[in-house]
Amino acid sequence: MENNIVLKMRNIHKIFPGVRALQGVDFTLRKGEIHALMGENGAGKSTLIKVLTGVYGKDEGEIFLDGKEGAIAIHSPQDAQKLGISTVYQEITLCPNLSVAENMYIGRTDGIYQNWKKMNEDTEKILKSLDIPAKPTQQLESCSIAVQQMIAIARAVDMDCKVLILDEPTSSLDEQEVAKLFKLMRDLRERGVGIIFVTHFLDQVYEVCDRITVMRDGKLVGEYAIKDLPRVQLVSKMLGKELDDLSDIKGEQKAYQKEEGAVPVFEAEGLVSDAGIKPFDFHIDKGEVNGFTGLLGSGRSECVRAIFGADRVTGGTVKVKGKAVKISKPLDAMKNGIAYLPEDRKVDGIIGDLSVRDNIILAQQVLRGFFKPFSKAEANKIADEYISLLSIKTASKDTPIKSLSGGNQQKVILARWLFTHPEYLILDEPTRGIDVGTKIDIQKLVLKLASEGMSVTFISSEMDEMLRTCSRLVVMRDRRVVGELSGEDLNQIKVMSTIAGGDK
């Protein structure tokens, strides 16, 4: 292999029943570079990583690694680890109840690590050398998510990893934590480690990466130096179509005008739940798209969970179309025409082993009652309709939903709620962790539903997405409402100053 290349994957193929997940993909990683692996959900990024780490066997192709003669065989994650290929996932895979030092050396067979004093001393050296703010003896669960990820990276580095794969490592981190992680990544780059960085955050790619490999529909689109690929071109290559700017979405939204004398679809006064939010007032009108915004932990999600009855409501009054109602559980909300797509689709949304069809009809089946099941023909017709309407990519309606990409899982959950024909739809982080193409599809759908009279509350961590989609924003800080913005005040500077200053 060439001197500075640490990994070469050539002509990689992987076929699952009904899906060609990888079709002749090439990937090259150099020593001392941070290389972004980009593509929409379903592009094949995860499959390529799983082939490289031995989770899946490849059907065709070769893998070459620096220092090894000829093509190598990787049959398991343990094989990959022995070859110096380590992965740190978004979900930490360490043991929270053990100390930092124990996590560093768990599973290592060296006899010296039965010596606790030496284990703690060696851990201290590694933590200091990588500038990780943790002590060897503290329990891992007492560290922040960011520090836990750094410890997972430190463990990989100490096991002489040549290739470090970071799979969506920044999804749960705030800006300061991301900055610390990037510093560590740059330090490792200086030491000659090749880093594969899988992420959906375009800004982060341009901040920390040297090269980008783009995939689409299981194929390689190309490999580019970061300086040679402007953001607009990256988005275009990921989507497979020209896209000058995302801002054209806003053009489809008409400025929201409340009808004179119209009664709100939903209104709450002094609403509070046991999730720690302060009492808040809220209303939404027919055909309006509004949103809750604020920093992570500000209480955005807790507000909509209170509206839907997903958290226990401990005070306040609620009206639906002017009539006082009691919403103490999600079924009450559903019976009042309210639907809710939750923030964490894996925990609160999908039922992984059920088919796409069964996931789509689930909410409406709950409303009908399980003694009135849909016939197979009815269920198939409904599934076909929504798979087509939302362009859900699936081998068939019988495919278990857990086999779909994240973006397509999200579309199935959206289909589930649209099939209940709600008057008021709450979307909490509907585009988190999904590709830019699906994000645009969902944003356009939200504006289309609003134009047809549905009321939508939209929550996103991405400010530009909120500004493109919403005509009114409720601003939050420290679990209380600190302002409301609309019209000319609906801009990033005003939102940030409201969060910082709390001026109404």
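This is a predicted model: local features need pLDDT of at least 70, side-chain atom pairs count only at pLDDT 80 or more; totals for chains, interfaces and linings use all residues.

**Backbone, burial and packing**

Me: Is Glu429 buried or exposed?
Reply: Phi of Glu429 is near 50°, a positive value in a residue other than glycine. The relative accessible area of Glu429 is 2%, and the cut-off for burial is under 20%. Glu429 is therefore buried.

Me: Which loop holds Lys321?
Reply: Lys321 is not a glycine, although its phi is positive, at about 50°. The residue has its place in the loop between β13 (313–320) and β14 (323–325).

Me: How far apart are Gly315 and Gly270, C-alpha to C-alpha?
Reply: Gly315 is found in strand β13, and, leaving aside neighbours within four places in sequence, it is in contact with Gly270, Leu271 and Val272. Along the sequence Gly315 and Gly270 are 45 residues apart, whereas in space their C-alpha atoms are separated by 6.8 Å.

Me: Why can α1 be called largely enclosed by the rest of the structure?
Reply: The buried residues in α1 are Lys45, Thr47, Leu48, Ile49, Val51 and Leu52. Just after α1, Gly54 takes a positive phi of about 80°. The helix is largely enclosed because, of its 8 residues, the number buried is 6.

Me: Are the rings of Phe16 and Tyr56 stacked or edge-to-face?
Reply: Phe16 lies in strand β1 (residues 5–16) and Tyr56 in the loop between α1 (45–52) and β4 (60–65), so that the pair links distant parts of the chain, 40 residues apart. Phe16 is partly exposed at a relative accessible area of 28%, and Tyr56 is partly exposed at 25%. The ring centres are 5.1 Å apart and the planes stand at 70°, which is over the 60 degrees needed. The pair is therefore edge-to-face.

Me: What is the angle between the ring planes of Phe308 and Trp417?
Reply: Phe308 in helix α9 (residues 300–308) and Trp417 in helix α14 (residues 406–418) are 109 residues apart, and their pair links distant parts of the chain. Phe308 counts as buried at 4% relative accessibility, and Trp417 counts as buried at 8%. Their rings form an edge-to-face pair, with 5.9 Å from centre to centre and an angle between the planes of 90°.

Me: Which residues form one aromatic cluster with Tyr424?
Reply: By the ring-pairing rule, the count comes to 10 aromatic pairs. The residues that form one aromatic cluster with Tyr424 are Phe266, Phe280, Phe282 and Phe292.

Me: Over which ring does the charged end of Arg368 sit?
Reply: The charged end of Arg368 is 4.0 Å from the centre of the ring in question, and that ring belongs to Phe374.

Me: Are α5 and α6 roughly parallel or roughly antiparallel?
Reply: Helix α5 (residues 145–158) and helix α6 (residues 175–190) pack with their axes 10 Å apart, at an angle of about 10°. Angles under 35 degrees count as roughly parallel. The two helices, α5 and α6, are therefore roughly parallel.

Me: How many charged residues does the contact of α5 with α6 have?
Reply: From α5, the residues Ala146, Met150, Ile153 and Val157 meet Glu177, Lys180, Leu181, Leu184 and Leu188 of α6. By class, this contact of α5 with α6 has 7 nonpolar residues and no polar ones, and the number of charged residues is 2.

Me: Which residues does Asn408 touch, not counting those up to four places away in sequence?
Reply: Asn408 lies in helix α14 and is buried, with a relative accessible area of 8%. Not counting residues up to four places away in sequence, Asn408 touches Ser391, Ile392 and Lys393.

Me: What distance separates the C-alpha atoms of Ser405 and Lys393?
Reply: Ser405 has its place in the loop between α13 (376–389) and α14, and it counts as buried at 16% relative accessibility. Along the chain Ser405 and Lys393 are 12 residues apart, and their C-alpha atoms are separated by 8.5 Å.

Technical notes. Residues are numbered from 1 along each chain as its sequence is written. Side-chain values use heavy atoms; hydrogens and water are left out. Rings of Phe, Tyr and Trp (its six-membered ring) pair if their centres lie within 6.5 Å; planes under 30 degrees apart count as stacked, over 60 as edge-to-face and the rest as tilted. Helices (H or I, at least four residues) and strands (E, at least two) are DSSP runs, numbered from the N terminus. Buried means under 20% relative accessible area, exposed over 50%, partly exposed in between (1.4 Å probe, protein chains only). A charge sits over a ring if NZ of Lys or CZ of Arg is within 6 Å of the ring centre and within 35 degrees of the ring normal. Axes are lines fitted to C-alpha atoms, for helices over the stretch in contact, and angles run from 0 to 180 degrees between N-to-C directions. Angles under 35 degrees count as roughly parallel, over 145 as roughly antiparallel, 65 to 115 as roughly perpendicular and the rest as oblique. Contact means heavy atoms within 4.5 Å. Ala, Val, Leu, Ile, Met, Phe, Trp, Tyr, Cys and Pro count as nonpolar, Asp, Glu, Lys and Arg as charged, and the others, Gly among them, as polar.
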